Each structure stands twice: as C-alpha cells, then as structure tokens.
Amino acid sequence: MTQEYEITIGLETHIQLNTVTKAFCGCKADSWNDAPNTNICPICSGQPGSLPAVNKAMVEKGLMLCLAMNSNVNLTSYFDRKNYMYADLPSGYQVTQDNRPIGVGGYLDFTMDDGREVRVHIHNLHMEEDAGKTKNEGDIRLIDMNRCGVPLIEMVTMPDLHSADEAATYLMRLRQLLRWIGVSEANMERAHLRCDANVSIAPKGSKTLGKKCEIKNINSIEAVRTAISFEIQRQIREVEAGRKIEQWTIEWDNDAQVLRKMRSKETAADYRYFREPNLMPVVISPEFYEDVKRRMPEMPWARRARFMSDFGLPAYDASILTADRETSEFFEAACRTYAGDHKRVSNWMMNEVLRVVNEKGVPLSELAIRPEDLAEIIKLVDAKTVNTSTGKSLVDKVLETGKKPAEIVKELGLGLVSDEGAIKEVCRKIVDANPKEVASYRGGKETLIGWFVGQVMKEMRGKADPEMAKAILTELLKG
Ligand SMILES: [Zn+2]
C-alpha cells in the first residue's frame with residue numbers, strides 16, 4: 001500500500017496598494033513606465049535626516065482590506081524598522097509593522113470547484129514599504145529605486161491549505177477581492193500581488209508536522225499551482241528515499257519551470273526590530289473607522305448569494321456574474337431597466353456581453369454598451385420587433401457604433417415586418433411557385449409547413465414575423 005501524506009501549505013502574500021503616492025513621501029506610487037531612478041526623493045531613497053510622514057490613503061486601504069478579511073483592527077498600530085543590508089534597500093532598514101500591525105486574525109471563505117467549502121485563517125496583516133529592484137547585466141549589478149517606499153500590505157495565512165489546488169483557488173479569490181474593494185490592481189505580472197508558499201508534508205495520521213520549505217517568487221496563479229505541486233512531489237520523493245526534509249528556501253524559476261534551492265534556513269534572521277522613531281503611531285479614529293466601514297461595497301460572496309436567493313439564478317450564473325464588481329453591477333443595472341425575468345438577462349449577459357469582453361480582452365467599462373442598451377435589446381426581442389439572431393447582432397452593432405439599439409433597428413431596417421398585407425403577398429408568391437410541395441402538403445404531409453415558413457423568411461431576409469407567416473400560410477394551404 002502506498003503511503004498517503006498530509007499536505008500543509010501557508011501563503012505569504014505581498015499586496016501593492018494602488019495609492020497615488022508612496023507610503024511615506026509624495027513621490028508617485030506607480031512608476032511602471034518610468035525610467036529607473038527618476039521617481040525618487042530623499043525620503044524614499046533613504047537619505048539621512050529626511051523625515052517620512054504616513055500616507056492616509058495607505059491606512060484607509062489597509063483598513064478596507066482588514067474589514068474585507070474579517071480581521072480585528074488595531075485602532076492604534078505602530079511602524080517598526082526591520083534592519084538588514086541589501087543593495088535595493090538604501091536606508092539599511094525596511095519600515096514595516098512588527099508586533100502591533102493594523103490587522104490581526106481574520107479569514108477568507110471560498111468554494112472549490114467540487115463544491116467543498118474552505119476557510120483560510122489569517123495570521124495578520126501589516127503595512128510596510130517596498131524595496132527597490134536589482135538587475136544583473138553581465139558583471140554589473142544595477143539598482144532601480146523607483147519602487148522604494150511603495151505601500152504594501154503583507155498578509156500571512158495560517159497553514160490551512162492542503163493542496164496546490166486550494167492554494168491557487170485562495171489566491172484567485174484574494175485577487176478578486178482586492179480588485180472588488182479597489183485597494184490594489186492585483187496584477188501578478190506587474191508584481192502587485194506576490195506570493196511565497198510554505199510547504200510541508202507528513203505521513204497521514206502522524207502528529208508531527210514535517211519541516212517546511214519556503215518557495216519564493218511565485219508570480220502567477222498557474223505558477224502557484226505548478227510550483228507547489230512540484231515541491232510536494234519532491235518532498236514525497238525525499239521521504240520515500242529515506243532522507244530527511246531539510247528546511248530550505250527555494251526559488252521558482254518560471255521560465256525553466258523548475259524549483260531551485262537558494263539556501264538552507266537553519267536559523268531565523270534577527271532583524272533587530274525597533275519602533276520607527278520618525279513616525280507617529282497610526283491612530284484610526286472611531287469616526288474614520290465607521291466612515292470607511294460604511295463605504296465598503298457589498299462583498300462578492302454576499303452578492304453571489306443574493307443573486308441566487310433574490311434573483312433566482314443558478315450557482316453557476318451567480319459565480320460568473322460576480323467574478324468582478326463591474327460585471328455584477330452591469331448585470332444588476334440591466335435587470336432594473338428590463339424589469340422581467342432575471343435569468344433571461346443573465347443568459348444574454350453571459351452569452352453575448354461577456355463573449356465580447358472575452359473576445360476583445362478589455363474590461364466591460366471600456367465597451368460602448370450600457371446596461372440600458374442590453375435591457376432594450378432583450379425588450380425588442382420580447383416584443384418581436386426583432387428576432388433573436390438580430391438581437392444578438394444588435395449587441396455587436398451597439399459596440400461598433402455606440403448608438404441606441406432602437407435607433408440602429410430603425411436606421412438599418414432590421415425590424416420584423418408585421419404588416420399582414422406584405423407578408424401575405426410573399427406567402428402567396430411562395431405557394432404559387434411551389435405546386436409540388438403544395439400538393440404533398442395537401443396530401444397529408446403537414447410537416448412541410450416549416451419549409452414554407454422558411455421560404456417566406458428567406459424571401460423577406462429573416463424579417464417576417466414567423467408566427468404571422470405560419471398562420472397566413474396555413475390559411476392559404478387549406479386550398
Ligand atoms: Zn519619495
């Protein structure tokens with residue numbers, strides 16, 4: 001019998017907050033497109049004697065994340081210095097929060113694809129500044145300090161995850177939440193959301209947890225899945241070969257798709273933390289706390305549940321429509337204007353609007369269609385002003401022209417013809433032109449009615465009201 005293993009994973013995430021300016025100075029926070037070392041000042045480049053000040057927007061976004069993660073908020077928290085020497089850290093210390101961070105505890109609940117509910121507990125959330133970047137060019141090491149002082153939240157989970165799949169799903173849900181509450185762009189390719197994973201295994205039923213290894217530098221959801229799977233397999237191979245797992249720090253090389261050992265981690269580094277003397281304690285007043293709490297949006301899981309209970313949507317629809325806040329708000333607004341069956345709006349939304357979003361790869365807000373337009377198109381189909389396929393093409397035409405659906409129908413003459421005289425004329429023409437089919441219909445082959453309707457639709461380029469055409473044809477074919 002093969003031995004089964006208990007997998008234990010904890011994730012440490014670094015979240016770049018989307019504030020306008022950096023954590024402790026007035027330099028702009030986003031310097032993605034800037035030339036190296038052009039977006040710095042004496043404060044963020046760690047010059048002696050410079051005086052930092054806390055960016056209120058960082059505290060506000062940190063507080064929002066605490067509230068979304070159900071964390072206990074420390075209304076008074078402190079910044080500390082974490083002392084270490086590295087080329088990308090000009091001051092020789094990182095300003096972070098050590099033993100009194102903004103948020104303690106909390107959790108995130110999510111559902112796996114197989115329907116299993118998972119709750120991941122949070123150890124703490126703390127605010128800190130980012131370091132710069134280093135890059136090797138041949139023998140030369142280059143340093144870019146633009147990223148120094150960019151505000152981050154470091155959020156550490158408890159070891160509550162038990163598979164690579166759960167870790168990837170957690171990160172996906174976290175990314176959704178960060179964008180939903182608007183605290184981070186959470187673009188992993190741009191390192192707005194970075195992840196390190198602690199992985200350990202132990203034989204099932206064993207009381208002692210195996211030694212953990214830390215995987216650094218995992219920067220996509222797919223990489224989280226692959227790197228953790230590889231590390232689990234590596235540890236199982238080691239144990240089954242009779243070797244002990246050593247506590248390693250491992251780097252994920254995404255280009256080569258391999259794990260590389262960086263160093264053995266025998267002892268924890270001593271960073272000699274002490275309170276940052278140049279910054280006041282961070283005090284969140286009860287008024288500020290209540291104000292931020294009041295402005296928090298409805299959470300994605302609550303909206304998903306409401307779409308199911310109040311709108312009668314299946315779980316699948318509710319998940320798709322709450323994948324991001326914009327889509328959920330578009331859907332809800334379209335429902336308000338349409339004021340009919342919500343499932344019908346959901347179908348149009350998923351099949352037509354989200355199809356275009358996927359095809360074009362742009363956010364909904366950049367498309368020329370408004371919720372009222374979608375509602376109007378569905379109403380036009382309901383009223384038989386246009387048929388379903390014309391309705392679908394209207395979605396594309398609104399996107400192309402930015403015009404209102406009814407206007408397009410009028411301009412292009414797309415409306416169904418419900419003029420009885422006009423339809424009758426065409427029906428008569430079709431009956432006269434097809435004596436063979438008429439004879440066999442009259443001889444008892446009544447299913448031919450569909451063929452006759454088809455001929456009329458073809459003649460009228462799909463714009464005849466099919467119900468009316470069918471009634472007229474039935475009458476004519478009686479003989
Ligand atoms: Zn600066």
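The second largest pocket is lined by 42 residues, and R173, Q176, S319, T322 and A323 are the ones nearest its centre. Its volume comes to about 1,400 Å³. A pocket here is worked out on a 1 Å grid over the protein atoms alone: it is an open set of points where a 1.4 Å probe fits, with protein on both sides within 12 Å along at least five of seven lines, and a lining residue has an atom within 4 Å of a point. Grid points are joined across faces, edges and corners, and the volume is the space filled by probe spheres set on them.

Before going on, keep in mind that this is a predicted model, where local features need pLDDT of at least 70 and side-chain atom pairs count only at pLDDT 80 or more, while totals for chains, interfaces and linings use all residues. Residues are numbered from 1 along each chain as its sequence is written, and side-chain values use heavy atoms, with hydrogens and water left out.

Helix α2 gives the largest share of the lining, 9 residues. At least two residues each come from β7 (107-111), α2, α5 (300-309), α6 (315-321), α7 and α8 (342-360). Helices (H or I, at least four residues) and strands (E, at least two) are DSSP runs, numbered from the N terminus.

Take α7 (residues 325-338), the helix that holds S328. This serine counts as buried because its relative accessibility is 0%; the cut-offs are under 20% relative accessible area for buried, over 50% for exposed and partly exposed in between, with a 1.4 Å probe and protein chains only. Leaving aside residues up to four places away in sequence, S328 touches W180, R303, F307, L321 and T322, where contact means heavy atoms within 4.5 Å. With R303, the side chain of S328 makes a polar contact of 2.9 Å, that is, a pair of N or O atoms within 3.5 Å, one able to donate a hydrogen and the other to accept it, with sequence neighbours counting only if both atoms are side-chain atoms.

A salt bridge puts a side-chain nitrogen of Lys or Arg within 4 Å of a carboxyl oxygen of Asp or Glu, and the structure holds 35 of them. One of these pairs R275 with D80 at 3.1 Å, N to O. R275 lies in strand β16 (residues 274-275) and D80 in strand β4 (residues 80-83), so this bridge ties together parts that are 195 residues apart in sequence. Which end is buried? D80 is, because its relative accessibility is 3%, whereas R275, at 37%, is partly exposed.

L11 touches Y170 and I228, and its other contacts include M155, L161 and C195.
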